[in-house]
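Open your viewer and get ready to select residues by number. We will stop at a few places and look at what is there.

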Amino acid sequence: MERQYDLTHMDFNPTLLYTGKQKVIKAPGYHAHSDWTEITVVLSGKTCYRVEDETFMLEAGDILICNPGVMHQNILRPDEQPSVQFFGGFTDFHFKGYEPNRFPTKAGSCVLRLSAESKREVQRLCYEIQAEREAGKPGMYFVLKAYLMQMMLMMEKTKNSSMEGSAIYVRNNE
């Protein structure tokens, strides 16, 4: 008997590649990841990203989703305070109706702006992930992966929610 899943094909078991939190004071080069998805959550401050030659302004709580092959770069502006950002890279997942290893986004956007409540939950998960990494106890990978899975599922469920204002995709500079 084949199992039916509501969001994913097969079982949901992504591979966590990396996580991290940092105050961004140096802009990385314009780059893409060939075979994994990276999410960036702005924890504090505001920042600007160049994605596929479009510019997006992000604020605390916004999530940047860069699927495999998407060129992106954090742009630092001299008149702004550095932002604090959380990064996570993952692969080996498949949401129904989308290509494998690609987080569902709406055409023309890669920025997910959540409701205030959802922002707080995502930021809480980012800080829990960071605390777990710093503790470095046995089983850490599985705990980090569980937090990441919670975040991914919450992002997917929230953006598909019928609740008005729960999440929107932002086009450049909206």
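Which residues does N67 touch, not counting residues up to four places away in sequence? Select N67 and find out: the residues are W36, T37, N101, R102, F103 and T105. Touching here means a contact, with heavy atoms within 4.5 Å.

Before going on, note that this is a predicted model: local features need pLDDT of at least 70, side-chain atom pairs count only at pLDDT 80 or more, and totals for chains, interfaces and linings use all residues. Residues are numbered from 1 along each chain as its sequence is written, and side-chain values use heavy atoms, with hydrogens and water left out.

**Stay at N67.** N67 sits in the loop between β5 (63-66) and β6 (72-75). Strands are DSSP runs of E, at least two residues; helices are runs of H or I, at least four residues; both are numbered from the N terminus. Is N67 buried or exposed? N67 is buried, with a relative accessible area of 7%. Buried means under 20% relative accessible area, exposed over 50%, and partly exposed in between, using a 1.4 Å probe and protein chains only. Now show the side chain of T37. A polar contact of 3.1 Å joins it to the side chain of N67. Such a contact is a pair of N or O atoms within 3.5 Å; within protein, one must be able to donate a hydrogen and the other to accept it, and residues adjacent in sequence count only if both atoms are side-chain atoms.

**Next, select the cysteines C66 and C110.** The whole structure has 0 disulfides, a disulfide being a pair of cysteine sulfur atoms within 2.5 Å. C66 is in none, and its nearest cysteine sulfur, that of C110, is 5.7 Å away. C66 is also buried, at 1% relative accessibility.

**Now select residues 116-135.** This is helix α1, with 20 residues. From first C-alpha to last, α1 reaches 29 Å, close to the 28 Å expected at 1.5 Å a residue. The expected span is 1.5 Å times one less than the number of residues. Color the buried residues of α1: S118, K119, V122, Q123, L125, C126, I129, Q130 and E132. An α-helix has 3.6 residues a turn, so residues three or four places apart point the same way. Click on C126: its relative accessible area is 2%. Then step to G136, which follows α1 and has a positive phi, near 60°.

**Finally, zoom out.** The chain has 2 helices and 9 strands. Trace them in order: β-β-β-β-β-β-β-β-α-α-β. Of its 174 residues, 46% count as buried.
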